[in-house]
Amino acid sequence: DPQANNRPSRPRGEWTPSGELIIKGDKNVYVYDYRTRRDQLLPEKQVGVVSCAALSPYGRILAFATSGRQERQGHLLFLNLVTKGGKSVKLGDRVGAIAFCPDNSKVAVAFGRHIALLANDGAKELRRAQVDSASRAVDELRWSDDGTRLAARLGDRVLHVDPETLAILSDRPRGEGPHLRLAELSRRFGSQVFANESFYREACFPTIRALGGWRIQSLAVSHDGNLVAVGGNNVLAIIEAATLQAVLVRENKGWVMGLQFSADDQTLGIGSHDKTVVVLHIASALITARLGERSYWPSKLCLSADGSTIADAGSKSIAAYSCDGSRLPLIAPIDSAPMLRVRHPIGSSASDFNPERVAVLTELVRDHPILGLNTMPEGEADLQPLGQNARLLDVLVSRSERTVVEALLRVAPALAVLPCASDPFPAFRVAMRLRDQRTARLLLQASARAPVPLRAAVATTLIPEIVQLKMGGAVAAFLQDLALEPSGSDIKYACNSAGEPEQTPELVELHSTWGGAGTTIWLEK
């Protein structure tokens, strides 16, 4: 097959006695600790004094700069958090800012009075230019939303730069106000601003003082300039920039050492004096991730544009985590086969899934429903109870893993009625072939709350066959739950003629009351 070498390989996996899922690809090994839900993408690493850091848009590349107190030459390091490979780049001066292009193709680096563009993994320098020998060093860089323009801040001045040539398109003072809106340089920058942190430190101090803080230890301004996060001793306040009124106040364990808004300004990374980092969802005031304890105070934080990864540095160390605190970046296409290939010895009555594994698989399907949509690889009889086009639930039904089936249907009941090319109800067919009345009951309980057209298909097609097989006890579950709110909505199968999920971002919309978070199955690229 001439295309065989270009196809992504299916990773293989195994569970270890110590409680880890190891996924092996052609060249890489990924380890997931399912007991603690904590896997560091980059375990704490001593690297020297970190002056600045940035993550690529999808959180796979971490770039950071180090320099000694007496050194003028800056060292830029690129670490691939997936392959663990790295690249070191030496520059002629200390690095003041790093910014990845939104299209993930390159990275802009400011060092001294120069700006350079490099490939996003640091392997190649594309171009560099001196900004202005008479000005201050560049201390902040921003890309436009479409990646066609750069803005550079040099103290009280702001430059508008064409990244294709690194030519300066305009040079203007930042002004004395709270911030400069970059749309004044070009509408391509959208709502982004360069904030005047000195202004906000003075303006927000009365608020933090009224909340019991002695001083402002850390401060961050949202990318659109609407919010200011201010941290003191034992307190964090998020302040509306226009009114200087606190819209969210929360206690903190000791001093707030570092703050950073996500690219969409929806979440906030918080580094604390107790040497931990948490991720706060601002609108709900919920902590969405607690990211372990370090040996240092995390004072410099950065988040990937997609919100998947966070890195923090302090003292002479740096570390990176999945931003949800639990998972390594999942391999694309997301594949459940590695979790199903390892079996107990033939003849063993033990389940392949202990409670921890059930929790992991349920968590992954809830957050990434395509895990339940993707079909198993062809050619492995143990993963193809239907002969072809089998999915995760079909394999689990064929193995009578009822505990796992029940847990999955609880978070994503739509899995019970996903069609394949040869049959509209493959999971039911496997249970009926095995005369597994208990599993059929679980499937019917899930489908009893489906949209009306789908419930009708179950009632007219499957139930007569189940009764004929003398499995009528399972039907009672379907009939008992039919009194739920009816729906006239139809179901859209996101499958092509071969029964495979369509690789589009369109939603598969199901009945709105069908099991909460499991009612919407979407497809990820």
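Student: Why is Phe199 called partly exposed?

Tutor: This is a predicted model. In it, Phe199 has a relative accessible area of 34%. Buried means under 20% and exposed means over 50%. The value of 34% falls in between, so Phe199 is partly exposed.

Student: What makes Tyr200 count as buried?

Tutor: Its relative accessibility is 1%. The cut-off for buried is under 20%. Therefore Tyr200 counts as buried.

Student: How many aromatic pairs are found in the whole structure?

Tutor: The search gives 3 aromatic pairs. One of them joins Phe199 and Tyr200.

Student: Why is the pair of Phe199 and Tyr200 called edge-to-face?

Tutor: Take the distance, then the angle. The ring centres are 5.3 Å apart, and a pair needs centres within 6.5 Å. The planes stand at 85°, and edge-to-face needs over 60 degrees. Both conditions hold, so the pair is edge-to-face.

Student: What makes Trp214 and Trp255 an edge-to-face pair?

Tutor: Their ring centres are 6.0 Å apart, within the 6.5 Å limit. Their planes are at 70°, over the 60 degrees required. So this pair is edge-to-face.

Student: Which parts does the pair of Trp214 and Trp255 tie together?

Tutor: Trp214 lies in the loop between helix H1 (197–210) and strand E19 (218–221). Trp255 belongs to strand E22 (residues 245–261). The parts tied together are 41 residues apart in sequence.

Student: How do you know whether Trp214 and Trp255 are buried or exposed?

Tutor: Trp214 has a relative accessible area of 58%, over the 50% limit, so Trp214 is exposed. Trp255 has 15%, under the 20% limit, so Trp255 is buried.

Student: What makes Arg215 a charge over the ring of Trp255?

Tutor: Arg215 lies over the face of Trp255, at 4.3 Å from the ring centre. The distance limit is within 6 Å. The charged end of Arg153 likewise sits over the ring of Phe194, 5.7 Å from its centre.

Student: Why is His160 called buried?

Tutor: Its relative accessible area is 7%, under the 20% cut-off, so His160 is buried. His160 is placed in strand E15 (residues 157–162). Among the residues touching His160 are Arg149, Leu169 and Phe189.

Student: In which sheet is E15 found, and what is the strand order?

Tutor: The open sheet has 4 strands in the order E13-E14-E15-E16, with antiparallel pairing. E13 (140–143) and E16 (167–173) are the edge strands, each pairing on one side only.

Student: How do you know that E13 and E14 pair?

Tutor: They share 4 bridges in the antiparallel sense. At least two bridges are needed, so E13 and E14 pair.

Key: Residues numbered from 1 in each chain as written. Predicted model: local features only at pLDDT ≥ 70, side-chain atom pairs only at ≥ 80, totals over all residues. Heavy atoms only, no water. Buried < 20%, exposed > 50% of the residue type's maximum accessible area, 1.4 Å probe, protein only. Contact = heavy atoms within 4.5 Å. Phe/Tyr/Trp six-rings, centres within 6.5 Å; stacked < 30°, edge-to-face > 60°. Lys NZ or Arg CZ within 6 Å of the ring centre and 35° of its normal. Lists of a residue's contacts leave out its neighbours within four places in sequence.
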